[in-house]
Amino acid sequence: MNSVFMYTSKYDTYSLGDQHPFKPYKATMVYELCYRYGLFDKPWITVMEPEPASEDALTEFHSKEYIEALKAANTGSFDFTMLEYGLGTSDNPVFKGVYDFSLLVLGATLKSADLISSGHADIVFSPVGGLHHGGFGHAEGFCYVNDIVIAIQRLLKSGYERILYVDIDAHHGNGVQDAFYDRDDVLFISFHQSGETLYPWVGFENEIGSGKGLGYTVNVPLSEYTDDEAYIKVFKEIYTPLVKAYKPQCVVAQIGLDTLKKDPLTNLRLTNNGYCEVIAEIRASCPKILALGGGGYSVPDVVRGWTLAWAELNGLQPHDPYLGLVGGALTGHGNSVEDLRDSPYKIAPRLKDDVNRYLDSKIIFIKDKIFPIHNISGELYG
Ligand SMILES: [Zn+2]
């Protein structure tokens, strides 16, 4: 196995604004924590630096007009015509280097995809990527380019015939869904807080694809307050049978960590324990995994969670080499794995009943409408 952590400190030079929740520098924090815990110290692991993508790469998905608007925004000065393209809103501010940043993020994701399709890597994690809301001709939801759509298109072009896209960000992956809605060579599965209570207000269970893509878009809306136990149950009931039936050649995973109970933008109640169990399921589902960071706005929690995810993807236990050697008043006790893990958390029983009732209705709908399309038989349902 070869695995690659795709990272550059150049991310630190870009800022969407002090008040903006999306912090490109969190990649550096993840890199440093992984380093500290010895999670690059294996012969099969490489840290690689991305190069910016070319403008041509953007045209593989985005409109010419939008690319021109994004390029004009690169100076950091806003003009009102940009609003037409979703640029200059509080979600997608115009900032200095917005175009350069977008090309760098896209470059990272495309290099990651290329490493997989060329056989040079089996697992790649690019923490600043997974911009699943990016539209054909507009920016939205903190996403200026849709690196995921362009990467999946490249993977298909390289010869893959069945790609599974799984999105565990708290928000629905609307930009990716729209791009592949009528296709069966991409199985789209998104678990997200329901559009009844969260942006982008779509991603309902009855959005199941169209034409030959019917049954190849799977939406699992989650109730507010969904905790680890409920999430793991719904994930295993939906994802696991589908992946067994579809037999993807490559899994592209948007592993956003805004599902945590401390996340300021969402209302789910996960801890990184439940998250890691889901990452382990994804890891076990296919030998080729392209993992992209996505959202996550309680930065220290996201950093710990992605460090654990990187360990999980590589089958490693985080280990602090200084543990026990340099303890003290100033340095603390050293860092054990326990310091990365959240305390277990469960919601109150009364809430739990409501959450379970909600999720069960979604599971029944999906098993009824989508599983037969994939010839998933009753015994697999459990
Ligand atoms: Zn999100």
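Predicted model: local features only at pLDDT ≥ 70, side-chain atom pairs only at ≥ 80, totals over all residues.
**Figure 1. The buried residues of helix H11.** Val355, Leu359, Lys362 and Ile366 are the residues of H11 that end up buried. Look down the axis of H11 and these buried residues sit within an arc of 50°, so they line one face of the helix.

**Figure 2. What covers the buried residues of H11.** Which strand and which helix are included in the cover over the buried residues of H11? Strand S6 (217-222) is one part of that cover, and helix H7 (228-246) is another.

**Figure 3. Helix H11 from end to end.** H11 takes in residues 349-369, which makes 21 residues.

**Figure 4. Stepping back to the whole protein.** Overall, the protein has twelve helices and eight strands. Its radius of gyration is 20 Å, close to the 21 Å that the globule rule gives for 382 residues, so the protein is as compact as a globular protein of that length. Along the principal axes, the C-alpha atoms fill a box of roughly 55 × 50 × 40 Å. Of the 382 residues, 50% are buried. As for contacts between residues at least 6 apart in sequence, 75% of them join residues at least 24 apart.

Methods:
Residues numbered from 1 in each chain as written. Helix = DSSP H or I, 4+ residues; strand = E, 2+ residues; numbered from the N terminus. Expected span 1.5 Å × (residues − 1). Buried ≥ 20, exposed ≤ 12 C-beta atoms within 10 Å, placed from the backbone. Arc of directions from axis to C-beta. Contact = placed C-beta atoms within 7 Å. Rg over C-alpha atoms; globule rule 2.2 N^0.38 Å.
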